[in-house]
Amino acid sequence: MKTVKDMSMITGVSIRTLRYYDEIGLLKPTQLTEAGYRLYDNKALEKLQEIMFFRELEIPLMDIKKIMDNPNYDKEQALLAQKSFLEQKRNRLNGILELITDVMKGVHTMSFGAFSSQEVQKIVDHTLECMSKESLDKQVQKYGSLEKYKEYLVSGFANEQAMADLLKWYGCKEKAMEAIMQSTGSVEEIRQGQDENSNIYKQFMAAKQAGNMEMAHSAVEMLAGSYKTMFALDNARNILLDLAKEYLQNEKLAEATDIQFGEGCSAYVAHAIHHYYGA
């Protein structure tokens, strides 16, 4: 048998709280000594641990009592549900911690002035320089002339949603500008990135088939690393959450992904990203 003091030392729950749990009937002691001291057995300790899990989910004490007093209460199912919710809470906090780390580094200053015409021209010129002659010729043919294609590229900087996405991904104009100017657009770079992502998506499908969320989380981490490299990002959380949103809302993108990697791949990747970040 364990005393109130023993229970407090083992679990970290204060003696005062344990007494209150007794008063409201949430956790009664296993027995009372002749002197009126509370004693608890291992079963009571296990029940206290369950209560602590519920409290981590911020469930009110009286609601916990109702749940645990229900004759249909299934301890194993309750623990599985608690584990799932706590994992989501942990993942959400991990995502927040990543963002806080970025803020401390001065990455996400949440200021994003408009690109000047000179900056836009510099980006467009760099984009054209990085394109292969074959790719550039295709775009010129598509838009009718090189000038028309340039106008199309410039128009992208007037797209409010695109600028909002850049703010979300990079945090400031200078960081986005730096990332864009670092890109070389080389065929080898693109092929290497495609091969890496292909292997990652194969792991997503393996996780889907095995029902293994840990494997899926590992794939999310690898995809985040790949996106950080491809887009010169310090944090891939927002861009991956946007990708998940696209998979769930853009039928053409989802269909193309499923055709390439297997049925249900796009939805599973979206689910894995949401689960990893606790979204």
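Predicted model: local features only at pLDDT ≥ 70, side-chain atom pairs only at ≥ 80, totals over all residues.
1. Residues are numbered from 1 along each chain as its sequence is written, and side-chain values use heavy atoms, with hydrogens and water left out.

2. The secondary structure comprises 15 helices and three strands (DSSP runs: H or I of at least four residues for helices, E of at least two for strands). Of the 279 residues, 34% are buried (under 20% relative accessible area; exposed is over 50%, partly exposed in between; 1.4 Å probe, protein chains only). Among contacts between residues at least 6 apart in sequence, 64% join residues at least 24 apart (contact: heavy atoms within 4.5 Å).

3. Tyr73 lies in the loop between α4 (61–69) and α5 (75–104). Tyr73 counts as partly exposed because its relative accessibility is 23%. Leaving aside residues up to four places away in sequence, Tyr73 touches Glu50, Phe54, Ile67, Met68 and Ala78.

4. Helices α6 (residues 117–130) and α8 (residues 146–155) pack at an angle of about 125°, their axes 10 Å apart (lines fitted to C-alpha atoms over the stretch in contact; angles from 0 to 180 degrees between N-to-C directions). Val120, Val124, Thr127 and Leu128 in α6 meet Leu146, Tyr149, Lys150, Leu153 and Val154 in α8.
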